[in-house]
Amino acid sequence: ELFDWRFGEATLPGSGASINPQGPADFDVQGSFFPLPAGAPPTVTLYFRVDDLQTTVPKAESLGARVVVPITRLPGGTDLGIIVTPEGHSIGIVQA
């Protein structure tokens, strides 16, 4: 619901539903390494690009997510926030 994606049948045996994100055609996967606090389990955070971060983060909260990194401007001008879904998954949201 948060990103207005459409879900379909699983495309691979044993996988979950397929996703049609309806996002920009130029979307590409990128990543970074961040140090974790001592004792924290290894984790992967997916980052999703949105048009309006100021609307998306409150919408995530209304759907039960918890904000763990409030909307922040990084050096270079990128705005992002990080939420944890009600199921416990960490998701980064980046302003397009």
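**Figure 1. Pairing of strand 3 with strand 6.** Five bridges connect strand 3 and strand 6, which pair in the parallel sense. The model shown here and in the following views is predicted. Within this pairing, Phe48 stands opposite Ile93 of strand 6.

**Figure 2. The hairpin of strand 5 and strand 6.** Strand 6 also pairs with strand 5; these two strands run antiparallel and are joined by five bridges. Leu80 has Val94 in strand 6 as its bridge partner. Five residues lie between the two strands of the hairpin, and Gly88 in the turn adopts a positive phi of about 100°. In a regular strand, side chains alternate between the two faces of the sheet.

**Figure 3. The buried side of helix 1.** Helix 1 spans residues 53-62, and its residues Leu53, Thr56, Val57 and Ala60 are buried. Because these residues cover an arc of only 95° around the axis, they lie on the same side of helix 1. Such an arrangement can be read from helix geometry: an α-helix has 3.6 residues a turn, so residues three or four places apart point the same way. The buried residues of helix 1 pack against strand 3 (46-50), strand 4 (66-73), strand 5 (79-84) and strand 6 (90-95). On the face turned away from this buried side, helix 1 carries the exposed residues Gln54 and Ser62.

Figure 4. Thr56 belongs to helix 1. Its relative accessibility is 11%, and Thr56 therefore counts as buried, the cut-off being under 20%. Leaving aside residues up to four places away in sequence, Thr56 touches Leu2, Phe3, Val50 and Ile93.

Figure 5. At the N-terminal end, helix 1 is capped by Asp52, with a side-chain oxygen 3.1 Å from the backbone nitrogen of Gln54. Gln54 is also one of the exposed residues on the face of helix 1 turned away from its buried side. Just after helix 1, Gly64 takes a positive phi of about 105°.

**Figure 6. The salt bridge between Arg73 and Asp79.** One salt bridge is found in a search of the whole structure. In the pair shown, the side chains of Arg73 and Asp79 meet at 2.7 Å, N to O. Side chains of opposite charge can pair when their charged atoms come close.

Notes: Residues are numbered from 1 along each chain as its sequence is written. This is a predicted model: local features need pLDDT of at least 70, side-chain atom pairs count only at pLDDT 80 or more; totals for chains, interfaces and linings use all residues. Side-chain values use heavy atoms; hydrogens and water are left out. Buried means under 20% relative accessible area, exposed over 50%, partly exposed in between (1.4 Å probe, protein chains only). Helices (H or I, at least four residues) and strands (E, at least two) are DSSP runs, numbered from the N terminus. The arc is that of the directions from the helix axis to the C-beta atoms. Contact means heavy atoms within 4.5 Å. A polar contact is a pair of N or O atoms within 3.5 Å; within protein, one must be able to donate a hydrogen and the other to accept it, and residues adjacent in sequence count only if both atoms are side-chain atoms. Two strands pair if DSSP finds at least two bridges between them. A salt bridge is a side-chain nitrogen of Lys or Arg within 4 Å of a carboxyl oxygen of Asp or Glu.
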